[in-house]
Amino acid sequence: GAGFSLSEPTGEVAVLVKLIRVAMLAPVVVVLSLWFRRSRAEAGEHPPAVPGFLLAFAALALINSLGLIPDVLREALVQLSGWALLFAMASVGIRTAPGDMARIGSWPLVMMLAQTLFLLVLVLIGIRLLGV
């Protein structure tokens with residue numbers, strides 16, 4: 001939304017970057033899940049190799065990509081998704097205190113900056129290669 005408030009091309013690039021970030025989530029979650037599973041197995045616990053929400057996400061993405069969801073239902077789900085995201089972001093914002101953010105240290109900020117720089121370089125390379 002912020003990208004489109006600047007211009008149409010900026011909004012399109014923002015959407016592309018967001019899609020890349022979302023696409024990166026699944027492999028990262030699987031790797032982390034397997035890593036945590038190995039450490040928990042040593043303690044005698046046996047959590048699932050892949051979280052259920054990730055399997056559900058992949059299944060729904062596949063069903064949608066195959067065109068098996070009627071347009072009316074898809075539109076309703078898109079609207080519901082937008083509202084759910086809005087409420088989730090508002091909830092996080094309401095519950096986040098500046099003091100708590102200061103106590104977690106700089107590591108999350110460094111990681112966020114690193115990911116942002118990575119995506120910036122990736123998009124710039126893509127723009128250069130596509131000649132946009």
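Reader: Hi! Which helices each supply at least two residues of the lining of the largest pocket?

Author: Hello! Those are α3, residues 52-65, and α4, residues 71-95. Keep in mind that this is a predicted model.

Reader: Thanks! Which one gives the largest share of that lining?

Author: That would be α4, with 7 residues.

Reader: And how many residues line the largest pocket in total?

Author: There are 14 lining residues. Phe57, Leu60, Leu77, Val78 and Ser81 are the ones that lie nearest the pocket's centre.

Reader: How far is Phe57 from Ala26?

Author: In sequence, Phe57 and Ala26 are 31 residues apart. In space, their C-alpha atoms are 9.2 Å apart.

Reader: What about α3 itself, how many residues does it have and how far does it reach?

Author: Helix α3 has 14 residues and spans 20 Å between its first and last C-alpha, close to the 20 Å expected at 1.5 Å a residue. Just after α3 comes Gly67, with a positive phi of about 75°.

Reader: Now the other end of α3. Where is Pro51 found?

Author: Pro51 is in the loop between α2 and α3. With a relative accessibility of 19%, Pro51 counts as buried, since the cut-off for buried is under 20%.

Reader: Which residues does Pro51 touch?

Author: Leaving out residues up to four places away in sequence, Pro51 touches Val29 and Ser33. Pro51 and Val29 are 22 residues apart along the chain, while their C-alpha atoms are separated by 8.2 Å.

Reader: Tell me about Ser33, then. Which helix is it in, and what is it in contact with?

Author: Ser33 sits in helix α2, residues 8-41. Beyond its neighbours within four places in sequence, Ser33 is in contact with Pro48, Ala49, Val50 and Pro51.

Reader: Is Ser33 buried or exposed?

Author: Ser33 is buried, because its relative accessibility of 12% falls under 20%.

Reader: Changing topic: how many salt bridges does the count come to?

Author: The count comes to 1 salt bridge. Asp71 pairs with Arg74, and their closest N and O atoms are 2.7 Å apart.

Reader: Where do Asp71 and Arg74 lie?

Author: Both are in helix α4, 3 residues apart, which is about one turn of the helix. An α-helix has 3.6 residues a turn, so residues three or four places apart point the same way.

How values were computed: Residues are numbered from 1 along each chain as its sequence is written. This is a predicted model: local features need pLDDT of at least 70, side-chain atom pairs count only at pLDDT 80 or more; totals for chains, interfaces and linings use all residues. Side-chain values use heavy atoms; hydrogens and water are left out. On a 1 Å grid over the protein atoms alone, a cavity is a set of points where a 1.4 Å probe fits but cannot get out, and a pocket is an open set with protein on both sides within 12 Å along at least five of seven lines; lining residues have an atom within 4 Å of a point. Helices (H or I, at least four residues) and strands (E, at least two) are DSSP runs, numbered from the N terminus. A salt bridge is a side-chain nitrogen of Lys or Arg within 4 Å of a carboxyl oxygen of Asp or Glu. Buried means under 20% relative accessible area, exposed over 50%, partly exposed in between (1.4 Å probe, protein chains only). Contact means heavy atoms within 4.5 Å. The expected span of a helix is 1.5 Å times one less than its number of residues.
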